[in-house]
Amino acid sequence: MRRRIPVLTSATLITALVATAVVAGTAGVASAHGDSGDDRGRAKNVIYLLGDGMGRTHVTAARERFYGSDGKLTMETLPAQGYVSTYAVEKLSGQPGSKDFHPNPVTDSASAATAWSSGVKTYNAALGIDATGTVKPTVMELAKKAGLRTGNVSTAEITDATPAGQMSHALARGCQGPVYSDAACQDLSITGTALPTSDIRVTPIADQIARNGTADVILGGGLSRFDAADEKALKDQGYSVLGSPTSQTVATKSDLAAASGQKVFGLFNRGNLTIEKSKQDNPTSVQAKEPTLPEMTSKAIALLTSKSNSKDKSASKGFYLQVEGALIDKRSHANDAAQTLGEMKAFDDSVKIAKDFAAKDGNTLVIVTADHECAGFNIIEKGTFTNAEATAPPANVDSGNTANNSSPSRPNNAKDATRSTGIINGAGSADPKNFAPATFRIPSDPAGVVDGSPEAGLWLTYLSGNHTGADVPVYAYGPGSEQLDGTIDNTALFGIVGKALRVIR
Amino acid sequence: MKRTRPIVAIALAAAAVLVAGSIAVGVAVMARTDAAAPPPTDAVTTTLPGLAAASGAPELASIRLLRPKPGEVGQAAGPFDERFTVDDLAFDGKAVSGALRVTSDVSAVLDLEIIAGFYDAGGSVIGSARFVYHATDDGPVDPVTGTPVESIPFRVAVPTELAGRAVSTSIGVPVLVNE
């Protein structure tokens with residue numbers, strides 16, 4: 001006999017099935033909002049490392065220099081790899097796709113920082129606003145609001161464009177402080193008339209950083225941007241202030257090593273931090289007491305994951321940490337390859353610290369990229385020379401083949417003795433008008449080959465002293481890192497990081 | 001009891017599941033189309049408690065601490081003194097001039113402000129004036145030749161109302177930003 005299903009049982013079944021379907025559907029909605037459920041691309045922590053001015057050649061040159069042609073920097077070992085387009089826009093431009101979109105092929109650090117911090121294109125010099133001056137929230141602000149811990153580390157002044165891009169909103173990056181000035185802070189081409197000085201967009205960046213609490217851990221340079229009122233404001237929010245803005249006493253690596261707590265503010269130089277090569281060459285100098293970028297990175301991670309006591313659950317929500325190797329750019333502006341390479345090494349050592357943490361943690365997304373390329377860094381073949389050293393560009397005449405003759409017509413090129421007076425970090429170092437390359441020994445060079453010699457295997461040149469518009473590399477590790485494979489625009493980094501941390505949809 | 005009742009119940013259940021599932025999926029799809037929604041702006045701190053809004057141009061209290069002798073040009077302490085040198089500093093009674101060269105960085109100077117304090121024969125401050133530089137695409141240029149230069153030439157004239165009374169001066173830098 002076939003078993004019958006009672007009416008009551010049927011109703012119960014219907015109710016249960018409907019309830020199950022609704023619950024499942026609701027879960028789908030929550031997932032779409034990033035609140036729970038689908039964890040694809042999600043991570044508990046994000047460490048975002050930024051090599052300011054680091055182009056593809058910076059990476060290759062550092063690899064050749066420190067690990068040899070068959071070696072790899074740590075960043076190159078990360079599984080996801082791609083490129084990032086970096087262009088900016090003109091003032092008052094619309095966003096890409098709009099009719100009033102006016103791109104600028106070469107970005108500065110402020111526009112680039114705004115792109116990944118706030119997800120919008122803006123004009124060079126703008127921070128945390130779009131190209132029309134509208135304030136845009138940053139990933140770090142959103143992370144802080146969501147209860148995550150936050151950290152911002154840089155070898156530049158902490159008010160400089162890259163760190164400031166996460167912690168401030170300014171019409172002009174020059175409005176760094178310690179004081180307000182019309183010329184540095186206002187931009188009438190954006191606002192028409194001067195904004196009241198109470199407007200956040202013309203408030204000195206140092207004043208913003210000291211009072212908005214966006215970053216729990218703030219490590220870098222730029223103490224001279226801050227004053228006694230800033231120190232009081234920081235302490236009132238519970239920061240442990242290393243050194244003293246009031247007395248302009250810089251913090252030291254010993255201060256950093258001893259620091260504890262969840263909110264730490266430490267600036268180790270009145271300006272930018274000292275380049276690594278200088279500290280290594282002068283180990284007894286005052287500047288040698290500054291921490292390295294790897295030391296600041298390691299300490300920042302420790303502080304952001306620390307618990308004040310066994311019941312402290314604030315660390316369980318995760319953290320967002322930005323780390324900038326700023327001096328790669330600043331020494332590229334100077335066309336100083338030796339210092340540039342030293343800064344690349346320190347930056348890559350910081351990447352290793354982040355990667356090691358992520359590997360142990362298992363739920364941390366590490367992203368390594370740059371804001372723009374700086375100075376057209378290049379590797380030329382040993383024994384060759386650049387156009388800047390030449391009497392004329394390469395030959396463009398071949399009388400036996402008319403197809404190769406075009407305009408302009410150039411019969412030959414040769415090294416110009418007045419423009420190339422010896423390896424720039426060797427025999428030609430005293431000539432300020434010398435365009436010759438800098439040379440460095442690489443691990444495969446024979447013993448006795450030294451930097452600055454023609455025998456050294458790595459020949460490095462610069463195109464200019466300014467930024468270029470080349471795409472920059474990106475490397476990533478951890479949950480969601482596959483989104484960094486291929487080529488993306490720098491504004492996409494905002495969404496990738498924000499969604500990984502569940503702070504944006 | 002007719003045998004058809006269980007079949008009807010099961011059919012009703014299946015239909016209900018389909019309807020509920022469709023609604024849920026529809027809502028979910030709507031939510032996904034909302035993925036580009038702008039992030040909340042209330043995460044931005046736009047007011048800073050305890051911070052007084054700036055008023056007026058930046059000043060340097062250190063200018064009042066100096067008492068340069070007639071004809072002298074003093075250098076008033078400011079927050080960025082270790083970042084620059086001043087070449088060709090001179091005062092001719094009508095203006096103080098020179099060229100500021102940043103030594104801490106080689107990237108472009110974005111903003112520079114130089115305050116010149118003027119003093120009477122007794123060494124008391126009688127007024128001030130300023131030189132303001134804000135970067136343009138062209139960068140700093142020599143005011144005479146118009147050619148680009150790495151240092152920034154400056155000239156601060158004695159204000160008209162101080163003419164004849166200003167016998168010495170001092171300069172200081174409250175604003176300096178490099179790219």
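These legends walk through several close-up views of a predicted model. Residues are numbered from 1 along each chain as its sequence is written, with chains lettered from A and ligands numbered from 1 in the order in which they are written. Because this is a predicted model, local features need pLDDT of at least 70 and side-chain atom pairs count only at pLDDT 80 or more, while totals for chains, interfaces and linings use all residues.

**View 1. Chain A as a whole.**
Start with the big picture: chain A holds 15 helices and 17 strands. Helices (H or I, at least four residues) and strands (E, at least two) are DSSP runs, numbered from the N terminus. The C-alpha trace of chain A spans about 100 × 70 × 55 Å along its principal axes. Of its 505 residues, 52% count as buried. Here, buried means that 20 or more other C-beta atoms lie within 10 Å of a residue's own; 12 or fewer makes it exposed, anything in between partly exposed, and the C-beta atoms are placed from the backbone. Take the contacts in chain A with a separation of 6 or more: residues 24 or more positions apart account for 67% of them. A contact is a pair of residues whose C-beta atoms, placed from the backbone, lie within 7 Å.

**View 2**
Where they meet, 11 residues of domain 1 are in contact with 10 residues of domain 2. On the domain 1 side, α2 (56–67) and α14 (337–361) of chain A each supply at least two residues. α2(A) gives the most to that side, with 5 residues. By class, the domain 1 side has 4 nonpolar, 5 polar and 2 charged residues. For this tally, Ala, Val, Leu, Ile, Met, Phe, Trp, Tyr, Cys and Pro are nonpolar, Asp, Glu, Lys and Arg are charged, and the others, Gly among them, are polar.

**View 2. Helix α2 of chain A, up close.**
α2(A) has 12 residues and reaches 16 Å from its first C-alpha to its last, close to the 16 Å expected at 1.5 Å a residue. That expected span is 1.5 Å times one less than the number of residues. Its buried residues include His58(A), Val59(A) and Arg63(A). The buried residues of α2(A) pack against several elements of chain A, among them α13 (327–333), α14 and β16 (472–477). Just past the helix, Gly68(A) takes a positive phi of about 85°.

How many residues of α3(A) are buried? The count is 10 of the 10, so the helix is largely enclosed by the rest of the structure. Trp116(A) is one of those buried residues. They pack against β3 (88–89), α4, α5 (161–167) and α15 (492–500) of chain A. Just after α3(A) comes Gly119(A), with a positive phi of about 80°.

**View 3. Thr138 in a loop of chain A.**
Thr138(A) is found in the loop between α3 (109–118) and α4 (139–145) of chain A. Is Thr138(A) buried or exposed? Thr138(A) is buried, because 29 other C-beta atoms lie within 10 Å. Leaving out residues up to four places away in sequence, Thr138(A) touches Ser117(A), Ser118(A), Gly128(A), Gly165(A) and Gln166(A). The C-alpha atoms of Thr138(A) and Asn212(A) are separated by 13 Å, and these residues are 74 residues apart along the chain.

**View 4. Strand β5 of chain A and its partners.**
In β5 (residues 149–157) of chain A, 9 of the 9 residues are buried, so the strand is largely enclosed by the rest of the structure. Strands pair if DSSP finds at least two bridges between them. β5(A) pairs with β9 (residues 319–325) of chain A in the parallel sense over 6 bridges, and Ser154(A) has Glu324(A) as its bridge partner in β9(A). β5(A) also pairs with β6 (residues 217–221) of chain A in the parallel sense, over 4 bridges. There, Gly151(A) stands opposite Val217(A).

**View 5. An open sheet in chain B.**
This open sheet of 3 strands runs in the order β2-β3-β6 (chain B), with antiparallel pairing. Its edge strands, each pairing on one side only, are β2 (84–91) and β6 (152–157) of chain B. Antiparallel strands β3 (residues 95–102) of chain B and β6(B) are joined by 6 bridges. In that pairing, Ala95(B) stands opposite Ala157(B).
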